[in-house]
Amino acid sequence: MSLSSLNAISPIDGRYRNKVNELAAFFSEEALIKYRVLIEIEYFIALCEIPLPQLDGVDNNKFKDLRAIYSNFSTEDALVIKKIEAVTNHDVKAVEYFIKEKFDALGLAPYKEFIHFGLTSQDINNTAIPLSIKEAINEVYVPEYLKVLNTLKSLANDWADISMLARTHGQPASPTRLGKEINVFVVRLEEQFNLLNDIPSAAKFGGATGNFNAHHVAYPDVDWKVFGGHFVQEKLGLQHSFPTTQIEHYDHLAALFDSLKRINTILIDLDRDIWTYVSMDYFKQRIKAGEVGSSAMPHKVNPIDFENSEGNLGMANAVFEHLSAKLPISRLQRDLTDSTVLRNVGVPLAHTIIGFKATIKGLGKLLLNEPKFAADLENNWAVVAEAIQTILRREAYPNPYEALKGLTRTNEKINQNSIANFIDTLEVSNTIKEELKRITPSNYTGI
């Protein structure tokens, strides 16, 4: 059976593949192989630039041809490496053999033993994977995040003057404004994104157990720690973790996953609030010709985009949580549990992107139902009691809270007339009474 979107096991590669295609360039098996090739090539070039005495004869003009090996990397190249891996039973060694064949073709055969010189597989994996994650975040995640953020900013501005009844514990509370409530999410997202930006993209590069043992024994006069730092930071744009065991300790990567999880949690909170507003009839939804809301109830237009987003962001967070909890833990100098886990990094990012797109789609369908906002405010005049008792406190009126409690904490309907009649009974000046009567549920919205 050939793989297609209809027989893929994961919905990421099936139903939702068209929403996350861009991530394949960073997290597919082919992408991982390409990034490994990139690291091996750039490492060899860096050795030439020291220069090691045995690499003095490498023509610098060959560097362009070497870099073309990964910049022009194709699916056919990946298949060649997988064929080699079928013999070696080692994925990184297969990359080394592939590059050696390329060296033969480029006339660099005398130098090919310096491919992967002094390294262990994790020097390649623990640079290739952080690099792919960093580039995926910058090229795919950040643009989608900004779409969500900018959509919310626009709605917060559009709805800045829409008064609405707040609900705390699900009960009517001091009125607020719809734009302000959306802006709460904007600020939360921005603050977490700033924290996300502060997390380094860290990589391990130091030989078999992190001490540059093989490098040092072969060339004791080279400062390999300085070399490793320069290679990782200047050549790859990552942060060099040192000291390490055989593998990267993944603490910064765990922080990244936790940060991405917090952003998703904020959006789940938003999804649930908007879903609830739709159920309260605060929003209608744009109807698309031909769409079916329910297989049984023709009238329904369900808030499915927010449900889809919540589900996918929840899936993402479950995997992010395992990644951040598991990766920093490794037995002694290294066990292999990180290897299989790291292959799943693209999974939560894919679910996150699907969630982002669903939220944006849902927000784009919303139609403000202003009469419903106004009706809820009009039906809840009791919420101005806080304002009245606060002004009475200012005026040193005796027991104002208790007076308003007696008025409002009943099962009788409180309306504008009952509030006005109550105000008339107060022993305050007519000026204060007029001030109190100017307060309405619609204008008592704070700053």
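This is a predicted model: local features need pLDDT of at least 70, side-chain atom pairs count only at pLDDT 80 or more; totals for chains, interfaces and linings use all residues.
## The largest pocket

The largest pocket has a volume of about 820 Å³. Its lining is made up of 42 residues, and those closest to the centre are F27, S28, E29, R343 and N344. Several helices give two or more residues to this lining: α1 (17-20), α2 (24-27), α3 (29-49), α6 (91-105), α7 (121-158), α13 (337-342) and α14 (346-365). The largest share comes from α7, with 7 residues.

By residue type, the lining of the largest pocket divides into 20 nonpolar, 13 polar and 9 charged residues.

## A strand hairpin

Strand β1 (residues 163-168) and strand β2 (residues 171-177) run antiparallel and are joined by 5 bridges. In one of these contacts, M164 has T176 of β2 as its bridge partner. The two strands form a hairpin with 2 residues between them, and H169 in the turn has a positive phi of about 60 degrees.

## Aromatic pairs

The model holds 21 aromatic pairs. One of them is formed by Y43 and F205, whose rings are arranged edge-to-face, with 5.5 Å from centre to centre and 65 degrees between the planes. This pair links distant parts of the chain, as Y43 belongs to helix α3 while F205 lies in the loop between β3 (202-204) and α9 (213-218), 162 residues apart. Both partners are buried: Y43 has a relative accessible area of 0%, and F205 has a relative accessibility of 1%.

A stacked pair is formed by F227 and F231, with 6.3 Å between the centres and 0 degrees between the planes. These two residues are 4 residues apart in helix α10 (residues 224-235), and therefore about one helical turn separates them. F227 is buried, with a relative accessible area of 11%, and F231 also counts as buried, at 0%. Ring pairs link both of these pairs into a cluster that consists of Y43, F114, F117, F205, Y219, W224, F227 and F231.

## Salt bridges

There are 28 salt bridges in the structure. In one of them, the side chains of R343 and E29 meet at 2.7 Å, N to O.

Another salt bridge joins D305 and K365, with the closest N and O atoms 2.8 Å apart. D305 is part of helix α12 (residues 304-326) and K365 is part of helix α14, so the pair ties together parts that are 60 residues apart in sequence. Here both residues count as buried, D305 at 7% relative accessibility and K365 at 14%. A further salt bridge is found between the side chains of R394 and E395, again listed N to O, at 2.8 Å. E395 is partly exposed, with a relative accessible area of 37%.

## Backbone features

The bond from I50 to P51 is cis, with omega near -10 degrees, and P51 is placed in the loop between α3 and α4 (62-71). The bond from F242 to P243 is likewise cis, with omega near 0 degrees. P243 is placed in the loop between β4 (239-241) and α11 (251-279).

Positive phi values also occur in residues other than glycine. H116 has phi near 65 degrees and lies in the loop between α6 and α7. At 13% relative accessibility, H116 counts as buried. D281 is not a glycine either, yet has a positive phi of about 70 degrees. The loop that holds D281 runs between α11 and β5 (283-285), and D281 is partly exposed there, with a relative accessible area of 28%.

How values were computed. Residues are numbered from 1 along each chain as its sequence is written. Side-chain values use heavy atoms; hydrogens and water are left out. On a 1 Å grid over the protein atoms alone, a cavity is a set of points where a 1.4 Å probe fits but cannot get out, and a pocket is an open set with protein on both sides within 12 Å along at least five of seven lines; lining residues have an atom within 4 Å of a point. Grid points are joined across faces, edges and corners, and a volume is the space filled by probe spheres set on the points. Ala, Val, Leu, Ile, Met, Phe, Trp, Tyr, Cys and Pro count as nonpolar, Asp, Glu, Lys and Arg as charged, and the others, Gly among them, as polar. Two strands pair if DSSP finds at least two bridges between them. Rings of Phe, Tyr and Trp (its six-membered ring) pair if their centres lie within 6.5 Å; planes under 30 degrees apart count as stacked, over 60 as edge-to-face and the rest as tilted. Buried means under 20% relative accessible area, exposed over 50%, partly exposed in between (1.4 Å probe, protein chains only). A salt bridge is a side-chain nitrogen of Lys or Arg within 4 Å of a carboxyl oxygen of Asp or Glu.
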